[in-house]
Protein chains: 4
Amino acid sequence: MKKNIRKIAVVVTARPSYSRIKTALDAIRAHPELELQLIVSASALLSRFGNAIEVMERDGFEIAAKAYTVLEGGEPELMAKTTGLGMIELATVFSNLKPDIVVTIADRYETIATAITAACMNIPLAHVQGGEITGNIDEKIRHSITKLADYHFVSSEPAANRVRRLGESPDCVFVTGCPSIDLAREIIERPDLDFNPFEKYGGVGVNVDLANGYLVVMQHPVTTDFEHAREQVTETLYAVNDLGIPCLWFWPNTDAGTDGTSNGIRSFREQFRPTNIHFFKNMDPKDFLRLLYNSKGIIGNSSVAVRECAYLGVPAINIGNRQDGRDRADNLVDVPYNRKHIKQAIERHFHNGRMESNDIYGNGYGGQAIADALSSVALKFQKTLPF
Amino acid sequence: MKKNIRKIAVVVTARPSYSRIKTALDAIRAHPELELQLIVSASALLSRFGNAIEVMERDGFEIAAKAYTVLEGGEPELMAKTTGLGMIELATVFSNLKPDIVVTIADRYETIATAITAACMNIPLAHVQGGEITGNIDEKIRHSITKLADYHFVSSEPAANRVRRLGESPDCVFVTGCPSIDLAREIIERPDLDFNPFEKYGGVGVNVDLANGYLVVMQHPVTTDFEHAREQVTETLYAVNDLGIPCLWFWPNTDAGTDGTSNGIRSFREQFRPTNIHFFKNMDPKDFLRLLYNSKGIIGNSSVAVRECAYLGVPAINIGNRQDGRDRADNLVDVPYNRKHIKQAIERHFHNGRMESNDIYGNGYGGQAIADALSSVALKFQKTLPF
Amino acid sequence: MKKNIRKIAVVVTARPSYSRIKTALDAIRAHPELELQLIVSASALLSRFGNAIEVMERDGFEIAAKAYTVLEGGEPELMAKTTGLGMIELATVFSNLKPDIVVTIADRYETIATAITAACMNIPLAHVQGGEITGNIDEKIRHSITKLADYHFVSSEPAANRVRRLGESPDCVFVTGCPSIDLAREIIERPDLDFNPFEKYGGVGVNVDLANGYLVVMQHPVTTDFEHAREQVTETLYAVNDLGIPCLWFWPNTDAGTDGTSNGIRSFREQFRPTNIHFFKNMDPKDFLRLLYNSKGIIGNSSVAVRECAYLGVPAINIGNRQDGRDRADNLVDVPYNRKHIKQAIERHFHNGRMESNDIYGNGYGGQAIADALSSVALKFQKTLPF
Amino acid sequence: MKKNIRKIAVVVTARPSYSRIKTALDAIRAHPELELQLIVSASALLSRFGNAIEVMERDGFEIAAKAYTVLEGGEPELMAKTTGLGMIELATVFSNLKPDIVVTIADRYETIATAITAACMNIPLAHVQGGEITGNIDEKIRHSITKLADYHFVSSEPAANRVRRLGESPDCVFVTGCPSIDLAREIIERPDLDFNPFEKYGGVGVNVDLANGYLVVMQHPVTTDFEHAREQVTETLYAVNDLGIPCLWFWPNTDAGTDGTSNGIRSFREQFRPTNIHFFKNMDPKDFLRLLYNSKGIIGNSSVAVRECAYLGVPAINIGNRQDGRDRADNLVDVPYNRKHIKQAIERHFHNGRMESNDIYGNGYGGQAIADALSSVALKFQKTLPF
């Protein structure tokens, strides 16, 4: 007799989310009792934000549905409208695909569209990366999704503890580690920089020399302070340009304020034509981690610096408060949005080379653990506070 | 020097929500440091669900904006789409009105549209009636909104305790009592049935005799079980019809499954033409409470039975699991969806008359307490889990 | 070698549209070179407006997609929003189904959503029933769709002439006749009233005696005058009630103002409890035509009176200006919204029995003609004015 | 007694539309019997497409409402969704502003959202620039809007004739000339290049020398062929780069396919770093016309080449079929998407200097004529085909 196959709909809304979930997607696809329904939405569909969908297709994933939801423009009200449109579109998608479980990833504002849509439609909801602490609107969104979710796949024991304290049943909280660490583990196992990033990914700016060490920068606008996004990124540009160290710079993802960050970068390039910076828009997650592993260190406010780089042992300079509150390893130092402080930090923190690996965000087998849990949990979509 | 007036946007999405918040609206409007922006949305705009907006206008409130959001049809996916459309519409409304604080009420699914829209737009959010326990999707929605909200106006100390345990700062949790109890207090102060409900509100069915005692029925469909809504309401109809006691029946509010309930009522009326039941669609909240206070008791699954009736001391028969988990007083007995059990409960529980008043859901001064808190809280829209 | 099958997406948005297109759907489904993609949208999905989708399923059609679009409420702005939402939903549907040709029917406001969506997506568009003349917003919508459409399947030579004068290429204008007449032809071929409408369709009100002749009423609200809808329908109710002739009354379809018409009917029923009127919501088109064919005549403002009844030879009393401008046969007399005039017209016009059949709207083979044209036209989605 | 002031809502959806309507906006604002309600929507709000709203504000216009509607991504279905969202948003705007007449401009796909919304809401609709002939989807949209509109302000007698032949009442067709020609008239009256475009507008690329003649390029993607947009623009880039003549290049407006055009430009810049081309995103319409008037000629597929340049006497090279069918003066020559043909045309057609002015698109007083008509037409929103 044929076994019952569970349909697992995973909604990917952004390039970094794909990077985080990739090994779980692999494991779901390979699992004999699961069927993967990969849904691509929001900025993951847009070339301006890294064209994640092309990477997915190159990685061999079949796309079950696309949901275009990003309303263009810089106003905060458009975040709400994009989220609302996401619900309208995802309701159609879920109605067509009839998944047994919906999976939502992390805490970007548009992910709550996935969560509420599943909740309204009485579809069991799994949340990856709940229980963490950060600043800005992500904080509200993340814990709000926890209260909508039926299963929690968390990165660390402290995160699991927070989810349980939020009233979630311990039976439904799984410390799987973050699947992004799975990729990091594979990188450490085979660390050589085996591709030419300029040939493979194009990008704009000078093809800098990577032989003697290079920096990686990834700096996102901070939502609740979007009018300052342009000034903030400009400080980092000055610091990197002044030092003259070869630098690979990655374009930010979508948010109110992206235009500020993007315009800041464009203006600086026009005005100073920096000769030590190359700009990329999108990159295969593994290639990106490999570049990180072989770099002097990472600068900016990306969570990659906090998470994957902890495992990889890559030194990181964290600018501003975007990562405030996150559990962290020793690889990280903090600086304000100030070119002098950023330059000093680069000079002091990046000359000692790689540090010891830290498994605070996972042991490198998170994807499989998530797939196994998805195949075995009891299906349910109701719960009650235990206190 | 002119004082700074805070603009308080209150979004009312349903008839019962208006009933709950009315005295707070009065107190906000009357407060010298507050300006009320009353926004009416979802089923509160529709005649099929009681035309709450007409009641508001009759009560002298000026409507700052309307947001039509209800997509017609019985599919669960339409709850998600209605919520998404609510975000699209409310984002425009908030952008036009620029409130200092947005207030959302209770836990119907469409109220999360208010909460997320405010969160995405960095507008401080207040939530009324968090921390309570019920079944079905409301449970997820309620606690999810708690995690999006910056201020919490709760009904009882147990509710406050739950909100604090969910990680909310004690500074931001206010035990105001539920404003619906304010109306109940006024009724007890002047209890006479001073109007003819048939003349004032029309409705359909026989004008039953109220002189020797009468029942009140209000039964909503249960979201996660919407296909049974028709059968469920039919059991109650049989029970009430069999006993022949005069009965005032109130139409349900909007939900997936409403059609089941409504069709059940319509079919029963066509088939049996009951002579002891009169059906109403909408009623001024005070008139409704006055009718309740003078009744033999209330039957169904409305939270009015649990909350206002606790204060009023009106006996209540609670059918099914819609109110499971709510803090409750002695006025309530539970029965399943079964005509025999409902009849027995009416015969046993409704012959002793009114019971003692219980202030479990408030002491009758909640509206003023909410307005005072809104005028004095520090404005903020960010927070971090304390654990 | 397998032949190339054309995918034909037909979007049905209302009960009367289904009735009009049914034989074309049959012929498309049966055609060896066509594949039918039946899309159901707007009021065709709603029980309040006759639940056309249930009729389609009973008729054996497979539904390729549903698009819920009706925003509930009586404001004219909701007609625009419903149409806009229709475009959002249909764009997803067309993107999924990838039709070779999209077919839109007649002139209700929401049908322009189908037309613009196809035009924006470069999908060839066929329009059924262009070139006719009526009053109100339908007039704008109909000719506007003609200018978006690539193929025109018109009912009559006068309509064809108008479409050509609007600049459409004669090659693309096909005088197929209206497919609704196909059903009428089949009725005349086998005219006996072979079912009990009360048993088969339920409805509300007295089961009137059909043996000695009966009236049929179908009266829709008039869009541009929606506030008077209630008064208008009340005049007809008085007239029919006063005469006491058995009457089968059909519920109106959705429009701004429907609430006025519906409320008018509901109020009248409560107040007068008419004993000679039975109210139906939905009916199989053939059963409906059979009832018409065997009736004394039809009263109201439905286009069925103008079109099908011309072919059937059923006398018709047309109230108000909703059908102004339509090509018409001798079966029709006009009256204003006035109970006296309506009564007089019933007495004078309905006592001579059926009239001669008139093929002004088709010869009864329109469905097949449409399917044949759809299989043979050259695919195109561009055109230029010839003058 | 105070005179009745008519509220005129003009919806501007793109940078070129603003340029076309500006003098009409001036005249409406100045008219004693009119009140201007300027609504900005679609790409007119976006910095990627020239930030038209900033130009309007700099020109002293007050914005009555904004409607963000552009869904980001390159799929054709997003044109439909953007239009649908436009209807949802504009219905709210019209409901708030309650205009007496709505004005829609020209024929971009999103303008039909304005037209249908007004039609559904029974608001009289005026259309500027009906009756013209072009290729692609604009052709369908334009004539479809004509059939929705109540008043027609056309550019030329041939256009008026076409609108009348489409069945519009001659009373409602006004040959005002295109208001864009009003700006051109003012330029001829004071033709000196009185500003430094690089200082005033920034842009990217070399600050080319304008002293000895320069080219202007504006090339849009062609909707129905969007996948070729990138190749098409690349041909023009090669031609201009090869010749080495100083060139001012203007970024395209939004359409499916914009990404192709934009990416084509970006890639070419990265690869060849052309030293004779400067790229601009937005410019005050008058400054743009002044640059055109002092140029050697314009290249691309913009309608400015056909319309304003006819009046200005500026030679134009029209690439591809985007302007096919438009009435045209002698200033225009046609070439295919081919670098050789484009180069040859530049060499042959641009060395004779400016040509004689031609008033085929207006005599330079269109804005005032439109305002006068808006103040005097009878208000109406119903019409019937006269044939």
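Predicted model: local features only at pLDDT ≥ 70, side-chain atom pairs only at ≥ 80, totals over all residues.
Local features require pLDDT of at least 70 and side-chain atom pairs pLDDT 80 or more, while totals for chains, interfaces and linings use all residues. Residues are numbered from 1 along each chain as its sequence is written, chains are lettered from A, and side-chain values use heavy atoms, with hydrogens and water left out.

Chain A superposes on chain B through a rotation of 180 degrees with 0.0 Å of shift along the axis, at an RMSD of 0.0 Å. The relation is therefore that of a two-fold axis. In chain A, the C-alpha nearest this axis belongs to Gly84(A), at 1.9 Å.

Salt bridges were searched over the whole structure, and 96 were found over all chains. The criterion is a side-chain nitrogen of Lys or Arg within 4 Å of a carboxyl oxygen of Asp or Glu. Glu235(A) pairs in this way with Arg339(A), with the closest N and O atoms 3.0 Å apart. The partners belong to distant parts of the chain: Glu235(A) lies in helix α9 (residues 229-243) and Arg339(A) in helix α14 (residues 339-349), 104 residues apart. Helices (H or I, at least four residues) and strands (E, at least two) are DSSP runs, numbered from the N terminus. Glu235(A) is buried at 17% relative accessible area, whereas Arg339(A) is partly exposed at 29%. Buried means under 20% relative accessible area, exposed over 50%, and partly exposed in between, with a 1.4 Å probe and protein chains only.

A second salt bridge connects Arg269(A) with Glu270(D), at 3.8 Å between the closest N and O atoms. Each partner lies in helix α10 (residues 258-272) of its own chain, so the pair joins two chains. Arg269(A) is partly exposed at 22% relative accessibility, and Glu270(D) is partly exposed at 27%.

In chain B, Glu132(B) and Arg326(B) form a salt bridge of 3.0 Å, N to O. Glu132(B) sits in the loop between β5 (125-128) and α5 (136-148), and Arg326(B) in the loop between β13 (316-319) and β14 (332-335), so parts 194 residues apart in sequence are tied together. Both Glu132(B) and Arg326(B) are buried. Elsewhere, Lys22(A), Asp26(A) and Arg29(A) are joined into one network by salt bridges that share partners.

Rings of Phe, Tyr and Trp (its six-membered ring) pair if their centres lie within 6.5 Å; planes under 30 degrees apart count as stacked, over 60 as edge-to-face and the rest as tilted. Tyr18(C) and Phe61(C) are edge-to-face, with ring centres 6.3 Å apart and planes at 85 degrees. Tyr18(C) lies in helix α1 (residues 15-30), and Phe61(C) in the loop between α2 (52-58) and β3 (63-67). Tyr18(C) is buried at 1% relative accessibility, as is Phe61(C) at 4%.

Phe250(C) and Phe288(C) are also edge-to-face, with centres 4.7 Å apart and planes at 70 degrees. Strand β10 (residues 247-250) holds Phe250(C), and helix α11 (residues 285-293) holds Phe288(C). In chain A, Phe198(A), Phe250(A), Phe280(A) and Phe288(A) form one aromatic cluster.

Note on methods. Least-squares fit on C-alpha atoms with pLDDT ≥ 70 in both.
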